Amino acid sequence: MVRKRRDPEQRPSPEALLEAARREESADGKLKIFVGAAPGVGKTYEMLQSAHAKRKAGIDVVVGFIETHGRAETEALVRGLEVVPRKKLEYRGQIVEEMDLDAVIARRPQLALVDELAHTNAVGSRHPKRYLDIEELLSHGIDVYTAVNIQHIESLNDVVAQITHVRVRETVPDAIFDRADAIELIDLTPDDLIQRLKEGKVYVPRQAERALEHYFSPGNLTALRELALRRTADRVDEQLLNHMQANAIAGPWAAGERILVCVSEDPRAAGLVRYTKRLADRLHAPFTAISIETRRSLRLSDEQRDRLADTLRLAESLGGEALTIPAVGRRIADDVVNFAQGNNVTQIVIGKSTRSRWFEMTRGSVVHDLVRRAGNITVHVIAGDDLPGEVAPRTAVQTAAPSEPFDPLPYLKSLGIVVIGLGAAELIQPYFGIENVDLVLLTSVVAVAVRYGLWPSLLATVAASLCYNFFFIPPIYTFTITDPTNVAAFVLFTVVAMLVSNVAARVRTQADAAIGRIRMTEQLYAFSRKLAGTATLDDVLWATAYQIALMLKVRVVLLLPEEGLLTVKSGYPPEDELDQADLAAANWAWGNDRPAGRGSDTLPGAKRLFLPMRTGRGPIGVIGIDNDRTGPLLTPDQRRLLDALVDQGALAIERVLLVEDMDRVQRTVESERLRSALLTSISHDLKTPLASVLGAASTMRDLAGALSDAEKRDLLATVIEESERLNRFIANLLDMTRLESGAIVPNTALHDLGEIVGSALRRAAKILINHKVELVLAADLPMLELDAVLFEQVLFNLLDNAAKYSPHDTTVSISSRREQGFVLLEVADEGEGIPPDELESVFDKFYRVQKGDHVRPGTGLGLAISRGFVEAMRGTISAANRRDRRGAILTIRLPVPAQTRALDAAA
Amino acid sequence: MSAAPIKVLVVDDEPPIRKLLRMGLSTQGYEILEAANGKTALEKLGEEPALIILDLGLPDVQGHDLLRTIRARNEAVPIVVLSSRGDEAGKVQALDLGADDYLTKPFGMDELLARLRAALRHQLQVKGERPVFRSGDLSVDLVRRIVKVGEREVKLSPKEYELLRVLVQHAGKVLTHRFLLRELWDELTDAQYLRVYVRQLRQKIEADPERPQHVLTETGIGYRLKSGN
């Protein structure tokens, strides 16, 4: 069979394959969601029936939480299943029952039934939302069946609100819907559902009866049913698409669509993001939310700024990308189009402006500019009126409003400045006339505006106007104005004062903001420089903790995983132990990569707030912060600053950890290399002399009669020489082993270098028999702190090496001289020298200078041992090539001990 | 002198070593007694060996303990110990316990025979001290206290002469630092002094002080004067 050549475009998409692999390999449990268009369609009933089928098939099923609402048929179905007892919590004097999450996890069933996915847990539970409980069950490898109505899906929330005029407060993120392994739609026609409602088969809380009458109108139900069908179809579509991509089936999917949504601090921006999510889902396109930071952005209130951040986070939680980019062009539309073109965006979503016609005429309309400049990019303009004014869901961590207590001082000072202005005006009026008085007063208003900002300057404006009227406009000392000219002057004065103070105050605000940003940037820069300069993990952790504590005025602990357990590694002020609640929150934050503890969704009872620290490569630790105030810990600005600091700290920690990892890897590689070198060395260096000895000895035994006396002597000489070589090799191995096991403790005393050189030469006499030896020792050498045995061995090794690497009849020279506080001893040969790039590696274990593919005989240990011994005696040893001729030169450098001179003098 | 063969007791647990020594030594006219462990060694002491070759690593008894026991029973018999390289402390201890010399395994037969001869000669010297020691160009007249290198008389300081005299009295035998210090000063004196005097002595009696031919350094152990002709 001829295999069809595959079109490169038709290769399976890596993302799809990865996704498939994740689903298959993940140890997480499988999630099945039973979806209905409205209450009463029979989700719970269907879920229970499926559970029974599973139980019959031998699956271990338990009921985690199911509310039967007293319906007999449902109750009958529950009865046949094991029910995990609920947990009772007391909340405001009432007993509330919730699923006992820990009990279900401890019970470890294969499948747990947990109804009402969108349920909000009672205060005091681990998670505020049930879907978080379910995620935790899944993460423990437990399969979960759950049920939800379509109106609870986050991205459909406002659509449902438009249809039914009832906004559902309990929502679940689309992500949980998308991660479900199976979706089963429980469909019932509107007529059947209304019939069931009339028969009392639908549970309706009494107080909601009237509202629900409207809710269950045929029109509403049809619309909801369509939504449910479409959302499920989208989901099925997506699975099909994944399947097709994973199997490289060419499909009709739209490729290359990218959607951009422009968001602002406008409360309706959240609706825009949801609209974009639905559009993106239909097109299977990624989407990005951008906010353009203009000069106006600086003047946003904290509430607005918070809302903008929440909207961007909503985009992220819906699976999009969120970016804030600074305005560059004169018009916002230019920046949007530039970004869109630079990122291959095909569609832009923007809200219809709510600005007045006047504003658009004077400043231009972003929407019009955008449409005009967009070229072939589709622009969706969403009518703002259709989107209900609704705030994006609060972020996972509550932030505090920055509380600035009212300070009367600036106001009093403002009035003081106006009084001074008044005095000055009184002084100059006789000389310059009333025309210049208003300028003096105006100056005082501007001074106040520049100095104290908007509100004090408005007070100053009022005060100055009144003073102007009272003291200067005739009739003076009354607030009445008789002359119409003066009325005009007064009105003009007030208007000008207002405008000027406004402008001056704004300039001041901007300057303040700029200074604040500069200071923050400087601090961040200083922090990153400090981090860059630290090398050890402890220093990095300490610097991070200290900096965050300093800049945010909080207490900080840093936790890193250590042998699988999250452990406190640093803190400011130093902290060693966390209490149980905090430790649980920290572990949860680490395990789930989400904030936990004080002010967050999870374990809000903990003393601290714990945030995961992560880098591009994944989570690396957890930071915990707290302070003495009650309520939320941080203002939104502080939260943003914390994020920046934590990111920098995380990067630095990762850097240090990576370096450690690399070191470890390198050491492993090194020891692998050594092991193989050792094997080579032992097999070669032990076997070669043994073979010679064995060969010579057996020749002597078996062929003695046929050998001449000279031949016999020759063979015997071989036996002796090779045995000696073997002996040296074993001695080297022993030395190396002693050195590495730390068994070498130099027994140092003051020694005469010449004496040790002499005994080393005597020991090496046999080896150097074919070489000339030149010995030049300076006469004034001091005694040195040495271990004579070790040092003799070092010299012996150097001499052995010199003899080995230089031809017969050349000279090996030993010389020594004093150089400031050191004595240098050099052993030089007339061999071929050492290749320049190997001057350092000759001291590596089992290293041998290679000539072609020929390895010199020897152990490759001599120099490594020499270095180890010399360093144990606080000296250094280095290799170089001779300058005066060919050959290598090994230099030992030893410090001259202080007491040597005294002894020399004594002798 | 060669009427009765000299008895040498070989104490070593390795049969090949004993065999080697038996073959090597019998060619030189020695009579060999063998012991594979400490117990047998003590039994063989009754046969009055003239010299003992003692391996320090025995299966049944600590080499140093055996050495101490032998010395307690017989003060005079020369003992040459066999030990492994890198055990300088063990050698020094053996010498201090009364061993006369040591040999590091593996060793050559020529070296062993030289050590045995030195040890035996030393024993004879102790019995009847020779008035003039000669070795190469060095001659030391212990009676007239005259030291000559070739025909040149060498002036030595009293301490230098004392050092040389002790070395001559034990010529061919290794002397530990501690032994020399005890003989010349006292045991508590710093070994540096000894090294300084050895250096000075060498400068006076050696042709090339850096490559001495008479006063040899036994690194980590002590000194040995090359035995005379």
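Tutor: Buried area is the accessible area (1.4 Å probe) that two parts lose on being put together, summed over both. This is a predicted model, in which local features need pLDDT of at least 70, side-chain atom pairs count only at pLDDT 80 or more, and totals for chains, interfaces and linings use all residues. Residues are numbered from 1 along each chain as its sequence is written, chains are lettered from A and ligands numbered from 1 in the order in which they are written, and side-chain values use heavy atoms, with hydrogens and water left out.

Student: What area do chain B and chain A bury between them?

Tutor: The size of an interface is often given as the accessible area lost when the parts come together. Contact means heavy atoms within 4.5 Å, and here 26 residues of chain A and 17 residues of chain B take part. Carbon and sulfur atoms carry 52% of the buried area, which is about 2,000 Å².

Student: Which side chains meet in a salt bridge between chain B and chain A?

Tutor: A salt bridge is a side-chain nitrogen of Lys or Arg within 4 Å of a carboxyl oxygen of Asp or Glu. The rule finds one across this interface. At 3.6 Å, N to O, the partners are B:Arg199 and A:Asp752.

Student: Which element gives the most to the side of chain B that touches chain A?

Tutor: Helices (H or I, at least four residues) and strands (E, at least two) are DSSP runs, numbered from the N terminus. Two or more residues each come from α8 (191-205) and β11 (215-218) of chain B. With six residues, the element that gives the most is α8(B).

Student: How many residues apart in sequence are the parts tied together by A:Arg130 and A:Glu98?

Tutor: The closest N and O atoms of this salt bridge are 3.6 Å apart. Buried means under 20% relative accessible area, exposed over 50%, and partly exposed in between (1.4 Å probe, protein chains only); A:Arg130 is buried at 0%, and A:Glu98 is buried at 3%. Because A:Arg130 lies in helix α5 (residues 130-139) and A:Glu98 in strand β5 (residues 94-98) of chain A, the pair ties together parts separated in sequence by 32 residues.

Student: Is B:Asp101 buried or exposed?

Tutor: B:Asp101 forms a salt bridge with B:Arg115, with the closest N and O atoms 3.6 Å apart. Shared partners join B:Asp101, B:Glu111, B:Arg115, B:Glu218 and B:Arg224 into one network of salt bridges. At 1% relative accessibility, B:Asp101 counts as buried.
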